Each structure stands twice: as structure tokens, then as C-alpha cells.
Amino acid sequence: MSSVSGAETQEAPRLRRVCNESRLQWEVEVCGEHFKKDMSLIHPQHWCNLTHFISEYHLFTLCTESKSHSVDCYWPNPLVEGYIIRIHKAFFSNCSDEQVVWVDPPDETLITLILIPIFLTLAMITLVVWCSKRSDILA
């Protein structure tokens, strides 16, 4: 039986590799070009409907993630996020929802919603005053 010293069993410290941002920029551009090519096959009328391009967008996201890891960068990172924002501006800038216009409820509904709490409050006050006057009889 041989003895192993503690120094022999320890692993050498791993060196943290530095993110290669210039290569990442190029790699993300490649992902973007594939996404643009895929989106060109979809009619622009359908660009705001996620069901028409979800698989293409998923592949684009996976591509940016794998390229980030391949050049030792974390994901998401500011460089990739900036590129994704540019993609969104190029393809989805006209997809915003219409503004919701808030309208007052009809007067009958509004009056009812205001008067119910007022009458409940008055009823509770009346009940408390009535019970406090009768406390001498109940005691």
C-alpha cells in the first residue's frame, strides 16, 4: 500500500479564460445573419405573431448563447444584449400593443360603488353606538 501525499492529490488551480469580445461580436453577427435569412422567409405581416417565428427566434437565442460560451464569455452579456435589441428594433418595432384607453364606468355603477361603502360605514357606526348604549342593560 503506497501513501499519497496531500500535495499530489490537489488539482492545479484552473485559469479563468478571458472573454474574447471582438470574436464574440463577429460570431453574434453570424447568428444574426442566419436569423435575418430565416425571417426573410416569413411574410412581414406575420412578424408580430410569435407563433410564426418562435422556432427561428429560439435558434437565434441558442446560437448567441453557444457562441458566447465558445469564446469564453458569459451569456447574456451587454454585447449580446445590445445586438438582440438591434434585432428587435429591426424586426419588431411595429409590434407594440395598442394603447388601452381607460373609460369611466357608467354613472349608475360609479354611484353604487361609492354609496355602498358609505352606507356600510354608517351602519357599523350605528351598530356600535346602539350596542354601547345597551351595554348597561346587557351587563
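In the predicted model, Ile 125 is partly exposed, its relative accessible area being 49%. The residue belongs to helix H5, which spans residues 107-138. On the surface, Ile 125 contributes to a nonpolar patch that also contains Leu 110, Ile 111, Ile 114, Leu 115, Ile 118, Phe 119, Leu 122 and Val 129. Together, the members of this patch present about 790 Å² of accessible area. An unreviewed UniProt entry lists residues 110-131 as "transmembrane region".

Of its 139 residues, 17% are buried. The chain exposes about 11,500 Å², of which carbon and sulfur atoms supply 62%. Among contacts between residues at least 6 apart in sequence, 72% join residues at least 24 apart.

Aromatic pairing was examined next. Nine aromatic pairs are found in the whole structure. One of them is formed by Tyr 57 and Phe 60, whose rings are tilted, with 6.1 Å from centre to centre and 55° between the planes. Both residues lie in helix H3 (residues 50-70), three residues apart, which corresponds to about one turn of the helix. Phe 60 is buried, with a relative accessible area of 2%. A tilted pair is also formed by Phe 60 and Tyr 83, with a centre-to-centre distance of 6.4 Å and an angle of 45° between the planes. Because Phe 60 lies in helix H3 and Tyr 83 in helix H4 (residues 78-92), this pair ties together parts that are 23 residues apart in sequence. Tyr 83, like Phe 60, is buried. Ring pairs link Tyr 57, Phe 60 and Tyr 83 into a cluster with Phe 35, Trp 47, Phe 53, Phe 91 and Phe 92.

Charged side chains provide a further set of links. Side chains of opposite charge can pair when their charged atoms come close. Four salt bridges are found in the whole structure. In one of these, the side chains of Lys 36 and Glu 33 meet at 3.6 Å, N to O. Lys 36 and Glu 33 both lie in helix H2, three residues apart, or about one turn of the helix. Lys 36 is partly exposed at 33% relative accessibility, and Glu 33 is likewise partly exposed, at 45%. Salt bridges that share partners join Arg 23, Glu 27 and Lys 67 into one network. Glu 27 counts as buried, at 7% relative accessibility, whereas Arg 23 is partly exposed, with a relative accessible area of 40%.

A salt bridge also connects Arg 86 with Glu 29, the closest N and O atoms being 3.9 Å apart. Since Arg 86 lies in helix H4 and Glu 29 in helix H2, the pair ties together parts that are 57 residues apart in sequence. Arg 86 counts as partly exposed, at 44% relative accessibility, and Glu 29 is partly exposed as well, with a relative accessible area of 29%.

Technical notes. Residues are numbered from 1 along each chain as its sequence is written. This is a predicted model: local features need pLDDT of at least 70, side-chain atom pairs count only at pLDDT 80 or more; totals for chains, interfaces and linings use all residues. Side-chain values use heavy atoms; hydrogens and water are left out. Patches are made of residues with over 30% relative accessible area and no salt bridge: like charges are joined within 9 Å, nonpolar side chains (Val, Leu, Ile, Met, Phe, Trp, Tyr) within 5 Å. Accessible areas come from the Shrake-Rupley method with a 1.4 Å probe; for residues, only the protein chains shown count as cover. Helices (H or I, at least four residues) and strands (E, at least two) are DSSP runs, numbered from the N terminus. Buried means under 20% relative accessible area, exposed over 50%, partly exposed in between (1.4 Å probe, protein chains only). UniProt positions are given in the numbering used here, feature names are shortened, and annotations may be inferred rather than shown by experiment. Rings of Phe, Tyr and Trp (its six-membered ring) pair if their centres lie within 6.5 Å; planes under 30 degrees apart count as stacked, over 60 as edge-to-face and the rest as tilted. Contact means heavy atoms within 4.5 Å.
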